[in-house]
Amino acid sequence: MRVRLKGDVICTLLLLVALCSLLYSQLEHLVPVGNKELPQQKPSVAPKALSDPRAAWRAMPAEATVPRPRVTPVIRRTEVAKKRVQTTTPPALTDSAFNFKHYLLNKDNRNFKLLVNQPRKCRRTPGGPFLLVAIKSVIEDFDRREIVRKTWGREGVVNGEQIQRVFLLGTPKNRTVLATWETLIHQESQTYRDILLWDFMDTFFNLTLKEIHFLSWAAEFCHNVKFIFKGDTDVFVNVENIVDFLERHNPSEDLFVGDIIYNARPIRVRKSKYYIPETMYGLSMYPAYAGGGGFLLSSCTMKKLSRACREVELFPIDDVFLGMCLQRINLKPILHEGFKTFGIVKPSAAPHLQTFDPCFYKDLMVVHSLKVAEIWLMWNLLHSPRLSCTQKKQVKKPFQWKRKAQTTPQASPLG
Ligand SMILES: *[C@@H]1O[C@H](CO)[C@@H](O)[C@H](O)[C@H]1NC(C)=O
Ligand SMILES: *[C@@H]1O[C@H](CO)[C@@H](O)[C@H](O)[C@H]1NC(C)=O
């Protein structure tokens, strides 16, 4: 009798333990993925994403042996990821995982009101401006807009050509961060007349909306412009070189030039911020597209793109979306070596960067990922009358802060 009772108890205990472990294992599956620590990128997925040869080059160990230059190729996380993501470190997850279902459901809601316009922007110069500089910004980045206004983004005449500027903004996603945003934008618009503000939330995944709305705006309010440069606020742009390059082109012909990425594959790694499920994009490769740091287009291409983009379904990565529009009008974007929208990572370039050699920048058109002070410094060094770059990109003396007036910033020659 006692033996049987003991046996029953043991049996019950064993069953209970089994039940508990079963429950526990089920529970583990129920924990949402987003709550788990993001594991290091599995090496098995990396080669797949490194479809772009330049991505592979970026990830090369050679880069690591070069001392980190001051002008940092600390490429913006978004940029790297947009292009091919798996470089050395995986990008972090967004605060809130991107909701594809929500995105797909709201995809047709793509017309938002223009809250602040500059309808006369392109009418001030007879015949229209030669170059319109359109810069993506967010309201909070007032200091970045200021430095762009004071340096490469100045309105006026460069090499005899008229340059105009606009900033492209949406409404801030967190309005508590900048309670004064409406007043600020109103004042900025009054003072500089360079603000375009649309009534959509300014988030990374809404940059495609910015693209579409800007192109529509340009087609409507700036149809007489000859060329457009579209870029970010953290780039340095050598406007003189761009004007020089564009003067050799016809604005009524197609032109789309930038740092073109070919054969990039959609990221199918769920944990990536840039994950695109097959239901959203079924092909294995993206069309050729330009890195968002900066690219050039002609008036003719702007008008065609503005129409084409209206017919392309919204896609959350704006650079790729524009690539889709280009594909639709059958236009092949042109890669230009002067566009370093990836920052400068070429190991051989590092010594120049370390010394902040303006002669090195003299030959470039767009360099991405610069800090406010770096943009200011580079622009001033490049516009110094003392600058002489006759020696073929040789760094004689490393750049240093000097007490003498030698490196004193010069006033703008643009007037
Ligand atoms: C907005 O920013 C404030 C201050 O940084 C923060 O406390 C709040 O949680 C943020 N709200 C959202 C919705 O992100
Ligand atoms: C884009 O903006 C709209 C309008 O403000 C907003 O409803 C939507 O959530 C935003 N989408 C993303 C992906 O941020």
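Predicted model: local features only at pLDDT ≥ 70, side-chain atom pairs only at ≥ 80, totals over all residues.
**View 1**

**View 2. The aromatic pair formed by Trp152 and Phe229.** The structure holds 13 aromatic pairs, and in the one shown here the ring centres of Trp152 and Phe229 are 6.0 Å apart with the planes at 85 degrees, so the arrangement is edge-to-face. This pair links distant parts of the chain, since Trp152 belongs to the loop between helix 7 (142-150) and strand 3 (156-158), whereas Phe229 belongs to strand 6 (residues 227-232), 77 residues apart. Trp152 counts as buried at 3% relative accessibility, and Phe229 is likewise buried, with a relative accessible area of 1%.

**View 3. An aromatic cluster and two charged side chains placed over rings.** Tyr281, Tyr286, Tyr289 and Phe315 are joined into a cluster by ring pairs. Elsewhere in the model, Arg149 lies over the face of Tyr192, at 3.9 Å from the ring centre, and Lys273 lies over the face of Phe204, at 4.7 Å from the ring centre.

**View 4. The surroundings of ligand 2.** Ligand 2 is surrounded by Phe98, Phe112, Phe200, Met201, Thr203, Phe205 and Asn206. Among these residues, Met201 places a backbone N or O atom 2.9 Å from an oxygen atom of ligand 2, while Thr203 has a polar side-chain atom 2.6 Å from an oxygen atom of the ligand. A polar side-chain atom of Asn206 lies 2.3 Å from an oxygen atom of ligand 2. Of the 360 Å² that ligand 2 exposes when taken alone, the protein buries 66%.

**View 5. The surroundings of ligand 1.** The residues that surround ligand 1 are Asn174, Thr176 and Val177. An N or O atom in the side chain of Asn174 is 2.4 Å from an oxygen atom of ligand 1, and a polar side-chain atom of Thr176 lies 3.4 Å from an oxygen atom of this ligand. Ligand 1 has 360 Å² of accessible area on its own, and the protein covers 24% of that area.

Methods: Residues numbered from 1 in each chain as written. Chains lettered and ligands numbered in written order. Heavy atoms only, no water. Near = heavy atom within 4 Å. Polar contact = N/O pair within 3.5 Å; in protein donor to acceptor, adjacent residues only side chain to side chain. Areas by Shrake-Rupley, 256 points an atom, 1.4 Å probe, with all protein chains shown as cover. Phe/Tyr/Trp six-rings, centres within 6.5 Å; stacked < 30°, edge-to-face > 60°. Helix = DSSP H or I, 4+ residues; strand = E, 2+ residues; numbered from the N terminus. Buried < 20%, exposed > 50% of the residue type's maximum accessible area, 1.4 Å probe, protein only. Lys NZ or Arg CZ within 6 Å of the ring centre and 35° of its normal.
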